[in-house]
Amino acid sequence: MNRTVPVQGPPEAAPAHAPTPFWLRLNSFFGFPFQREPMIYGLLLSLVGLLMGVFIKLGMLVGLLLTALGFLLAVSRYAFKVMALASQGLLRTQDYPRHDDPDWKPLPWKLFALLVLQGALLGFVGRRSMALYAVLNLAVSLALPAAVMVLVQSMSLRQAINPFMQLATMQAVGWPYLLLCAFLFLLSMGAPMVLGMLLPAVGPWLGLPLLLLVLSYFTWVMAALMGYVMYQSHEAL
């Protein structure tokens, strides 16, 4: 890979012991969005839901789409920042540097391009063989976290879509990669479950802000988790 993930601090300040396995630090990932910076940012972004409700009421589809796109862009950009800094061992936002790396900004668009390319490939294969499609879909889904890790580490879409780079990342993480995929799958199921419990308790105008807040929360939890897995395996990566 072109770009390595450094350990935060000078060599003499590097931890003497290996990082704690991520499955023993789950509370820190679930608690990450409750820190001051992500909590305030998440609440502010959730207010976009009120504007989306107005656009829905007025039937302004273009305004609704642009607002939703802006929300997704803001959430994903912060997620990549969280992941990149977690890969350096930073899980406390108070330890974050003052200035963001400008290379992080285009990462959401590169991820979108990655997903489009994967979707096109799956569609092409699916039109020819459903059995092969099922196998390839499983492989692509399993390799997606590795592709995102490569994207964060190299900032390169070309490297992120390279299956050999994805495989090398999976091998570097080792067997915990499968455990990571299991946790990410459970987290992806968590948002609908939480929304199913909370939405009936709020009014229609608060439904969209609550939806956006929950989506931000689970996205940033997954970003912190994946970044820390990179930190845990930084020597191999």
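The exercises below, each with a worked solution, concern pockets, a helix pair and one serine in a predicted model.

**Exercise 1. The largest pocket**

Find the volume of the largest pocket, state which residues lie closest to its centre, and describe its lining by element and by class.

Solution. 
- Step 1. The volume of the largest pocket comes to about 1000 Å³.
- Step 2. Its lining is made up of 31 residues, and Ser76, Leu111, Leu115, Thr219 and Met222 are the closest to the centre.
- Step 3. At least two lining residues come from each of helix 4 (61–86), helix 5 (107–126), helix 6 (130–154), helix 9 (176–198) and helix 10 (204–232).
- Step 4. Helix 4 provides the largest share, with 9 residues.
- Step 5. Sorted by class, the lining holds 27 nonpolar and 4 polar residues, and no charged ones.

**Exercise 2. The second largest pocket**

Give the volume of the second largest pocket, then work out which elements and which classes of residue form its lining.

Solution. 
- Step 1. Two or more lining residues are given by each of helix 5, helix 6 and helix 8 (163–173).
- Step 2. The class count is 11 nonpolar, 2 polar and no charged residues.

**Exercise 3. Helix 4 against helix 6**

Determine how helix 4 and helix 6 are oriented to each other, and list the residues that make the contact.

Solution. 
- Step 1. A pair of packed helices is described by two values, the angle between the axes and the distance between them.
- Step 2. For helix 4 and helix 6 the angle is about 80° and the axes are 10 Å apart.
- Step 3. Angles of 65 to 115 degrees count as roughly perpendicular, and helix 4 and helix 6 are therefore roughly perpendicular to each other.
- Step 4. Helix 4 contributes Phe80, Met83 and Ala84 to the contact, while helix 6 contributes Val148, Met149, Leu151 and Val152.
- Step 5. By class, the residues of this contact are 7 nonpolar, no polar and no charged.

**Exercise 4. Serine 233**

Locate serine 233, decide whether serine 233 counts as buried or exposed, and name its contacts beyond four places in sequence.

Solution. 
- Step 1. Serine 233 sits in the segment that follows helix 10.
- Step 2. Buried means under 20% relative accessible area; serine 233 counts as buried because its relative accessibility is 9%.
- Step 3. With neighbours within four places in sequence set aside, serine 233 contacts Ala172 and Val173.

Technical notes
Residues are numbered from 1 along each chain as its sequence is written. This is a predicted model: local features need pLDDT of at least 70, side-chain atom pairs count only at pLDDT 80 or more; totals for chains, interfaces and linings use all residues. Side-chain values use heavy atoms; hydrogens and water are left out. On a 1 Å grid over the protein atoms alone, a cavity is a set of points where a 1.4 Å probe fits but cannot get out, and a pocket is an open set with protein on both sides within 12 Å along at least five of seven lines; lining residues have an atom within 4 Å of a point. Grid points are joined across faces, edges and corners, and a volume is the space filled by probe spheres set on the points. Helices (H or I, at least four residues) and strands (E, at least two) are DSSP runs, numbered from the N terminus. Ala, Val, Leu, Ile, Met, Phe, Trp, Tyr, Cys and Pro count as nonpolar, Asp, Glu, Lys and Arg as charged, and the others, Gly among them, as polar. Buried means under 20% relative accessible area, exposed over 50%, partly exposed in between (1.4 Å probe, protein chains only). Contact means heavy atoms within 4.5 Å. Axes are lines fitted to C-alpha atoms, for helices over the stretch in contact, and angles run from 0 to 180 degrees between N-to-C directions. Angles under 35 degrees count as roughly parallel, over 145 as roughly antiparallel, 65 to 115 as roughly perpendicular and the rest as oblique.
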